[in-house]
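Please keep the sequence and the model in view while reading.

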Amino acid sequence: MVVHRNALKQRNKPFKGSTKSNPLKKVKITAKVELVRIPRKKVISDTKKAAKQSRLEVKRLGPKAILIVSCNSTVKSSDFVNKITQYIQGTILDTDFNIICDCDSISDSEWNIGNIVQLPKKALTSSFSQKVYFYSCPRNVTSVLSAAAVADIIILLFDGLRDDDAFDKQGYDIMRALKLQGMPSVIGVNLTSSDSSIVKRYFNDELGPDKKYFVLKDTLQLLRGISSTSCKQISWRKDRGYMLGQLHSYNKDDQKLVLKGYMKNLGFTCKNLVHITDVGDFVLDKIEVIPPSGNTMSLDPITLDEVNQMDINDQIDVLNEVIEEDNEFECQKLDEMFDNIAIESNDNDVLDEYFKKIVNESKNYEMEIRDPKDRMFPDEVDIPSNILASKRFRKYRALEDFNRSEWDPYMDLPVPYSKIHEFESFKALVKYCNSHHSKHASKIVEAIKNVTGIDTNEPFVYLQISGVNSAIVDKFINDAKPFIVSTVLPYERKVTVLEMSINKVAPLMPIESHDSESSIDSIPSKSEYKFLTGFRRFISRPIFSIKTSVNSSGKSIYLKVLDNTKMCIASIYGFALPLSNPIIMMRNDEVIAHGSIIGPNPKRVVLKRIILTGYPIKVHKQKAIVRYMFFNPHDIRWYKPAKLVTKRGLTGRIMTSLGTHGYMKCLFDQYISQDDVVMLYLYKRVYPKWHPYTWTHQSITSSIYA
């Protein structure tokens with residue numbers, strides 16, 4: 001018997017439709033969620049514990065530092081400090097708050113720090129007592145920013161009797177600088193008895209409607225607002241300790257300075273250096289603490305920690321050696337330059353012949369050098385006929401594609417690169433230093449609690465700092481200026497190439513109203529500017545650059561002048577500062593740019609671009625004869641492999657040289673027109689200016705106080 005099989009029977013492919021589980025398929029696992037009901041009593045208990053813990057944290061804090069800033073020239077903030085302190089002490093009444101002057105020339109010129117006072121019980125919003133102290137500073141941008149760096153609350157004073165703006169020009173400059181640096185909690189106070197809607201509207205527009213605003217009819221209401229205001233944490237100072245210190249004693253023989261004040265935030269350790277704002281970095285010898293004066297126990301100052309850090313004078317000596325090496329390097333370059341001049345005798349005739357030769361050669365131009373305003377492109381340059389382009393631009397080279405072409409960051413580095421640091425992982429280093437400092441600082445705070453018996457996170461301490469020059473102390477004493485001290489983390493003592501993203505600020509008023517010196521129209525590279533970031537102030541000479549695209553392989557274009565519309569990158573030689581810290585750039589005590597710190601990056605390549613232009617004199621389809629780009633056949637053969645572009649977007653290359661006057665035949669990818677312009681891009685790597693005054697605190701002091 002023959003069994004006939006069906007020839008049309010469908011036979012599926014063996015590797016498809018298998019019932020076996022595919023390991024590449026994602027299996028969704030639905031977890032069974034069990035809802036656990038928390039008892040209501042436990043919720044109430046946890047809420048009460050959290051509220052109690054927050055009240056204890058407030059109790060452990062030290063006195064609130066309250067900065068008084070006047071927004072008008074008719075209000076003197078130092079008088080308000082005296083009056084509000086006297087009112088809390090009970091020596092004056094509400095009716096004595098008359099501190100508004102009719103003269104617009106009134107301005108604060110000195111620091112005024114009031115006594116530490118305890119708020120009256122009627123002004124307290126909790127069962128714990130609170131201590132505060134008010135202080136004011138000179139009415140300029142630099143002083144206000146330094147004072148606001150250690151403030152817990154800022155009180156803005158307004159004159160409600162003014163019919164015009166609530167802020168004058170100086171008030172606007174100060175307000176803008178404060179917002180760029182980062183402001184703590186803010187309270188607005190109208191010093192007049194009448195409620196001015198104009199002042200409140202200006203205050204809400206600048207700082208937001210959620211900020212507290214008071215009219216000084218009832219001073220007790222203002223004190224209640226201060227008591228209920230929580231201190232806002234600023235990101236750039238949360239990982240370090242700081243203190244508004246006052247002079248306790250100074251020994252000229254040992255150059256040891258002792259400061260007293262309340263240790264804020266994490267606190268200090270003798271394992272790290274300390275920074276005095278506007279002065280520099282110093283060694284912290286020891287931390288001393290004395291029990292409160294109300295305690296009858298008479299204890300001597302107790303040393304909590306001993307210094308185990310290398311003395312900063314050794315580092316200053318190293319920096320001085322670096323400066324001396326730079327001076328010798330410059331002298332050697334000058335000597336080599338003069339040695340290259342072949343002058344065998346000292347006769348004046350030889351010198352005259354030499355300089356006449358230079359003058360005659362400089363006049364032999366085939367094409368007149370044009371004014372920069374008459375050039376079509378900002379990077380365009382002209383080549384005289386007596387100089388070979390291959391020699392004149394020997395440091396430049398062409399790139400096939402700016403975004404895709406590679407540039408070795410370690411090729412032909414300058415001498416300063418042998419004196420700076422490169423970090424393998426800067427973020428990991430910052431994280432390690434912050435945790436290490438936090439661990440040691442918490443031990444210091446616990447030791448102070450054990451010695452004094454006071455449960456506080458911001459104790460009153462004495463800091464002994466060594467290596468402080470007597471001229472610096474005399475200057476602070478004459479100006480009645482406090483010492484602003486902060487912690488220096490180890491990586492902040494390493495000199496590297498620091499990069500910052502900055503934007504140019506717009507003028508608050510029309511440019512015609514500004515003086516010629518204070519105009520922010522032009523901000524050229526390699527000029528001296530003052531930088532303010534955190535607790536540091538330094539002077540440097542940055543170079544500006546801008547990224548052409550995201551995929552530029554770490555390359556950027558050098559800018560001679562800061563761009564008005566785009567975010568630019570400023571590069572300097574300086575200390576490695578924390579990431580994302582706000583930075584303010586100033587010139588003549590005026591804010592001209594602002595931004596944030598990107599971090600150290602010595603491998604980033606900044607290229608200066610120049611454009612050599614030529615003009616077609618004869619065109620035929622895709623070919624053209626170009627002149628005025630070069631004036632020598634040798635240059636045409638030298639740059640023959642380079643890529644050409646035109647103003648209309650064509651790309652091409654050099655085919656051959658024609659004649660002896662620099663004419664050349666070029667081929668392009670499309671038809672070229674007679675009115676097009678042929679361009680050749682050349683690039684050279686540039687570096688920041690080596691400016692040791694940026695990190696030597698002796699030079700910083702002399703330049704700021706000059």
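An axis, as the word is used here, is a line fitted to C-alpha atoms, taken for helices over the stretch in contact, and angles between axes run from 0 to 180 degrees between N-to-C directions. Two packed helices are described by the angle between their axes and the distance between the axes. The model under discussion is a predicted one.

With these terms the pair H2 and H6 can be described. Their axes come within 12 Å and cross at roughly 95 degrees. Angles of 65 to 115 degrees count as roughly perpendicular, and H2 and H6 are therefore roughly perpendicular to each other. On the side of H2, the contact is made by Phe-80, Ile-84, Tyr-87 and Ile-88, while H6 contributes Thr-219, Leu-220, Leu-222 and Leu-223. Of the residues in this contact, seven are nonpolar, one is polar and none is charged.

The buried residues of H6 are Thr-219, Leu-220, Leu-222, Leu-223, Gly-225, Ile-226 and Ser-227. They pack against helix H2 (77-89) and against several strands, namely S1 (64-70), S4 (131-136), S5 (153-158), S6 (185-190) and S7 (212-215).

Two single residues may be considered next. Thr-487 is placed in strand S16, which covers residues 483-488. Its relative accessibility is 2%, so Thr-487 counts as buried. A polar atom of the Thr-487 side chain lies 3.4 Å from the backbone oxygen of Gly-267. Residues up to four places away in sequence being left aside, Thr-487 touches Arg-240, Gly-241, Gly-267, Phe-268, Asn-272, Leu-273, His-437 and Glu-492.

Lys-395 is found in the loop between helix H9 (389-392) and helix H10 (426-452). Because its relative accessibility is 61%, Lys-395 counts as exposed. Apart from its neighbours within four places in sequence, Lys-395 is in contact with Tyr-683 and Lys-684. Although Lys-395 and Tyr-683 are 288 residues apart in sequence, their C-alpha atoms are 8.3 Å apart in space.

The remaining topic is charge pairing. Side chains of opposite charge can pair when their charged atoms come close. For a salt bridge, the cut-off is a side-chain nitrogen of Lys or Arg within 4 Å of a carboxyl oxygen of Asp or Glu. By this rule the count comes to 19 salt bridges.

One of them joins Asp-173 and Lys-169, whose closest N and O atoms are 3.1 Å apart. Because these two residues stand four residues apart in helix H4 (residues 169-181), about one helical turn separates them. Asp-173 counts as buried at 12% relative accessibility, whereas Lys-169 is partly exposed, with a relative accessible area of 35%.

Another salt bridge connects the side chains of Lys-481 and Asp-278, at 2.9 Å from N to O. This pair links distant parts of the chain, 203 residues apart: Lys-481 is in the loop between helix H11 (470-478) and S16, and Asp-278 is in the loop between strand S11 (273-276) and strand S12 (280-289). Both Lys-481 and Asp-278 are buried.

Glu-499 and Arg-604 also form a salt bridge, with their closest N and O atoms 3.1 Å apart. Glu-499 belongs to strand S17 (residues 495-504), and Arg-604 lies 105 residues apart from it, in the loop between strand S24 (590-600) and strand S25 (605-620). Glu-499 and Arg-604 are both buried. Finally, salt bridges that share partners join Asp-152, Lys-264 and Glu-458 into one network.

Definitions and conventions: Residues are numbered from 1 along each chain as its sequence is written. This is a predicted model: local features need pLDDT of at least 70, side-chain atom pairs count only at pLDDT 80 or more; totals for chains, interfaces and linings use all residues. Side-chain values use heavy atoms; hydrogens and water are left out. Buried means under 20% relative accessible area, exposed over 50%, partly exposed in between (1.4 Å probe, protein chains only). A polar contact is a pair of N or O atoms within 3.5 Å; within protein, one must be able to donate a hydrogen and the other to accept it, and residues adjacent in sequence count only if both atoms are side-chain atoms. Contact means heavy atoms within 4.5 Å. Angles under 35 degrees count as roughly parallel, over 145 as roughly antiparallel, 65 to 115 as roughly perpendicular and the rest as oblique. Ala, Val, Leu, Ile, Met, Phe, Trp, Tyr, Cys and Pro count as nonpolar, Asp, Glu, Lys and Arg as charged, and the others, Gly among them, as polar.
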